Amino acid sequence: MSAPSAVLDRQQHEPMSTASHDGSSHSMDPEKGASKDLDRNGSSGDEAGEKATSSAAQPAAAPTTGPPGGPPGGPPPNGGAQAWLQVLGGFFLFFNTWGVLNTFGVYQTYYESGQLFTATSSDISWIGSIQSFMVLLVGCFTGPVFDRGYLRPLLISGTFLIVFGHMMLSLTHTFWQALLAQGFCIGIGGGLLFVPAVAILPTYWTTKIGLAIGIAASGSSTGGIIYPIVFYRLISQIGFAWSVRVLGFMALATLVIPIIVMRQRVKPPKARAIFDPTMFTDIPFLTFGFGAFLGFIGLYVEFFYISFYGQATGITNDSMSFYLVPILNAGSVFGRTLPNILSDKIGPFNVIIPGAFVCGILVLCNITVHNLGGIVTQALMFGFWSGIFIALPPVIFVALTKDKSKLGTRIGCGFAIFGCGVLAGGPGAGGILGNDDKNLHWKGMWTYGGVVLLAAGAIFLALRFMLVGAKFKVKV
């Protein structure tokens, strides 16, 4: 019983009888007693009513004076300064994780020149492949740490490793030094930051979650545009070492913002598991994972070698070859948002299937590209269509996972599988390309990338048939 109800009940029952201090009862005139009881009860009832009304009004007014972000564990605020600050922080986390990864194409082109060290194309691509793999793999272990409330340690340690990796990269003169600094150090740092960038926004947004994640994820494309241009513009003026240090200082300045503004509102009641053994008996999940694995092989053939292809074949001059990477990333700005909007209407499989086929065809089209206009158009279009492989897999994992309590684990394991595709993409393409600068096997390399993407599209199509049969006009 609440306090106002108890007071009212007690006040209504006290007038019914009176007793002396010695325990004897006093008789009362019925009419006078009734009159006195009526007066006393009416007075007490009025007072109790006023108290009850006053007490009832207080809880209703409390939420209006609470913090705009909502209480810890309460419903997401879906707006307000604090919620938008999380989007800002997420933007810069994407800027310095996938944005840095999307920059490796210009490093591949610079390392191929032999000015820093001498290595084969396949060996050089191992640097970028391991960097991407570390981001995806470490994310599996970062998720449970984030669930336990360690957001700030993840942000600080990830920032340190990314900045430290850039500073060490500026001092390198051998392949193995670059592999350790850029591949492992920066890659692990990115893995520590990637999960917080994704996981914190749903705790602040529900009604506008698509918009919030879309704005934050655009940081990856923005970073993939800005970092390559800064690197190229500075390298001829201040050299490789100081150009990389400038990128490190840029990363430090932009990563301080998430450390300051990002706050973890809630913790899951139970931290997610690192591994889910039941996924090995989930045929649709495994089928999609294998298809996306092949897709990522083909994606990173284009990501790593489009810049070097333009330079080595003479299609572009040295300056324009470096700008092909920002052009490709500019196309992916829309490729990572528009497919998600379309998938809400027609289903994610109906978007990723044609997207995979188009990506495969575009990679094969590189074989016939022989002029500047052609390679720029190809890079821009591929950047747009390749965005589906980043934007749609989480949506598809949601659709394929029946037990939503395992969703976080499934997404983490799924992206780790994709990371294996990255390891096979760049180095495999470099092995096909060969080491003879006068006889590079570009046709074989582009065929390798294009065919695996077409195979990915065929697997996605087969999975769609497994799920809904031969029905064409079905949202899936």
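This is a predicted model: local features need pLDDT of at least 70, side-chain atom pairs count only at pLDDT 80 or more; totals for chains, interfaces and linings use all residues.

Trainee: How many helices and strands does the secondary structure of the chain come to?

Mentor: Helices (H or I, at least four residues) and strands (E, at least two) are DSSP runs, numbered from the N terminus. Here there are 18 helices and 0 strands.

Trainee: What percentage of the residues in the chain is buried?

Mentor: Buried means under 20% relative accessible area, exposed over 50%, and partly exposed in between, with a 1.4 Å probe and protein chains only. Of the 476 residues in the chain, 49% are buried.

Trainee: Is Thr109 buried or exposed?

Mentor: Thr109 belongs to helix H5 (residues 104-112). Its relative accessible area is 1%, so Thr109 is buried. Contact means heavy atoms within 4.5 Å. Beyond residues up to four places away in sequence, Thr109 touches Ser307, Phe308, Gln311, Ser321 and Phe322.

Trainee: With which side chain does the side chain of Thr109 make a polar contact?

Mentor: A polar contact is a pair of N or O atoms within 3.5 Å; within protein, one must be able to donate a hydrogen and the other to accept it, and residues adjacent in sequence count only if both atoms are side-chain atoms. The partner of Thr109 is the side chain of Ser307, at 2.8 Å.

Trainee: How are two packed helices described?

Mentor: One gives the angle between their axes and the distance between the axes. Axes are lines fitted to C-alpha atoms, for helices over the stretch in contact, and angles run from 0 to 180 degrees between N-to-C directions. The axes of H10 (residues 283-312) and H11 (residues 318-335) come within 7 Å and cross at roughly 155 degrees. H10 is therefore roughly antiparallel to H11; angles under 35 degrees count as roughly parallel, over 145 as roughly antiparallel, 65 to 115 as roughly perpendicular and the rest as oblique.

Trainee: Which residues in H10 meet H11?

Mentor: Glu302, Phe303, Ile306, Ser307, Gly310 and Gln311 in H10 meet residues of H11, among them Ser321 and Phe322.

Definitions and conventions
Residues are numbered from 1 along each chain as its sequence is written. Side-chain values use heavy atoms; hydrogens and water are left out.
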